[in-house]
Amino acid sequence: MDVKDGSATRGTGRGSARGTYAVGDERRSRILDAAVEHFAQWGFHATSLARIAKDVGITQGGLLHHFRTKEALLVSVLEASDEHDTERFFAQECATVAEWFHRLLALTAHNSRRPGRTRMFNALVGESGDPDHPAHAFFARRYRTLVADAAQSLRRGVDSGELHADTDCAAEARQLLAVMDGLQLQWVLDPESVDMTEQLRRYLDRLYRGLSTAGTGLPPHPAGS
């Protein structure tokens, strides 16, 4: 056997395999994007895998090759969205509570630029109050994690002297998340009249003024955002 010819044949095989994986990843990504829009419009129960597959340009069997059930697709959509947000906005620990507040504002502004995902979140979090809903465990776990992480961020501010020593970090964390979710819901219902980023900025300014030992409003972001 010609070694050169054999190497070329093997190399072609590897290239073909990489191409196949790339096509599969691209198709999986398109399925997830289409699913966001469908879950946002119809919720989980009324969403049809056949309609999602049609939008992507594949058969339902092709979709099920990537996601074996509608429940698996739903959880993948939610997990992918959370992972994206964490990597983009919270990959690094914030040095101050003020910096963390500014990252929350950046996330909120980002949510206003992706209405499909934001509508999906509101539709599904409402449905998932039913313990039998396939996203119930995801959202219950998600809120436990969010409250714990937010309380930890506030607690670091207490430890550093940025916030008052008697700050009830867990309670403030829950209230902050409730405000963010409430503003998001109002924005979904009437995006033209609700500026959720600006409303959150005003809330965080008042909150920081009340919690910070300096007694001042939220300082400007160093980058001017």
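User: What makes Thr197 part of helix H9?

Analyst: Helix H9 covers residues 196–211, and Thr197 lies in that range. Helices here are DSSP runs (H or I, at least four residues), numbered from the N terminus. This is a predicted model, where local features need pLDDT of at least 70, side-chain atom pairs count only at pLDDT 80 or more, and totals for chains, interfaces and linings use all residues. Residues are numbered from 1 along each chain as its sequence is written, and side-chain values use heavy atoms, with hydrogens and water left out.

User: Why is Thr197 called buried?

Analyst: Buried means under 20% relative accessible area, exposed over 50%, partly exposed in between (1.4 Å probe, protein chains only). Thr197 has 13%, so it is buried.

User: And why does Asp85 count as buried?

Analyst: Its relative accessibility is 7%, so the word buried applies to Asp85 too. Asp85 is found in helix H4.

User: Why is the pair of Phe101 and Tyr208 called edge-to-face?

Analyst: Rings of Phe, Tyr and Trp (its six-membered ring) pair if their centres lie within 6.5 Å; planes under 30 degrees apart count as stacked, over 60 as edge-to-face and the rest as tilted. For Phe101 and Tyr208 the centres are 6.1 Å apart and the planes 75 degrees apart, which makes the pair edge-to-face. Phe101 lies in helix H5 and Tyr208 in helix H9, so the pair ties together parts 107 residues apart in sequence.

User: How do you know that Arg51 lies over the face of Trp42?

Analyst: A charge sits over a ring if NZ of Lys or CZ of Arg is within 6 Å of the ring centre and within 35 degrees of the ring normal. Arg51 is 4.5 Å from the ring centre of Trp42 and lies over its face.

Definitions and conventions:
Helices (H or I, at least four residues) and strands (E, at least two) are DSSP runs, numbered from the N terminus.
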